[in-house]
Amino acid sequence: MSSHKQRIAFIGLGAMGFPMAGHLQRAGFETCVYNRTTEKAKRWVERYGGSMALTPRDAAKNAEFVCLCVGNDNDIRNVVYGDTGVLAGMASDTVLIDHTTASAELARELATSASARNISFLDAPVSGGQAGAENGALTIMTGGSQATFDRAMVIFNCYAKMPVSWVRWARAN
């Protein structure tokens, strides 16, 4: 295993994402955040350190993991696709993790889009509310390959309680 700091992009700094990204930075990850409201991203950097980007693509550039925690299916599509979306900035053999509670249809769509670029995908909505996010005690219900799930545990351990809170599930393909 290399000794370099793993780079994480975290997209969406709402009530849940703001503290989740903070846990990653505090755990020693090189964390770059993006939020559609630039002022919120600036506040995050002031509080936790790390860095911010002006587009999802720029946040995702050189990141080994890209985490999304935005509002709904359309919000996800807005930060994933297009010239400024995370997929345009992600390299092959990286991991896209969607923590948004979104539709099964979108999870399948993202898995297909990521796979076409040799990017792994996890559908990983979180439960536990703002207090759970702040206290690092979220439950993550994860769908995706076991190998990708195992690879992402280093991230999940930063903001989810272990071991009893983990729920493995898969959506039908």
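Two strands count as paired if DSSP finds at least two bridges between them. With that in hand, look at strand E1, residues 7–11, in this predicted model. Five bridges join E1 to strand E2 (residues 30–34), and the two run parallel.

Now for the side chains of E1. In a regular strand, side chains alternate between the two faces of the sheet. Here Arg7, Ala9 and Ile11 point one way, while Ile8 and Phe10 point the other way. Both sets are buried, and E1 is mostly covered, with five of its five residues buried.

Next, move along to helix H4, which spans residues 73–80. Its N-terminal end is capped by asparagine 72, where a side-chain oxygen lies 3.0 Å from the backbone nitrogen of asparagine 74. The buried residues of H4 are Asp73, Asp75, Ile76, Val79 and Val80. Looking down the helix axis, you'd see these buried residues fall within an arc of 160°, so they line one face of H4. Turned away from that buried side is the face with the exposed residues Asn74 and Asn78. After H4 comes glycine 82, with a positive phi near 90°.

Technical notes. Residues numbered from 1 in each chain as written. Predicted model: local features only at pLDDT ≥ 70, side-chain atom pairs only at ≥ 80, totals over all residues. Heavy atoms only, no water. Helix = DSSP H or I, 4+ residues; strand = E, 2+ residues; numbered from the N terminus. Buried < 20%, exposed > 50% of the residue type's maximum accessible area, 1.4 Å probe, protein only. Arc of directions from axis to C-beta. Polar contact = N/O pair within 3.5 Å; in protein donor to acceptor, adjacent residues only side chain to side chain.
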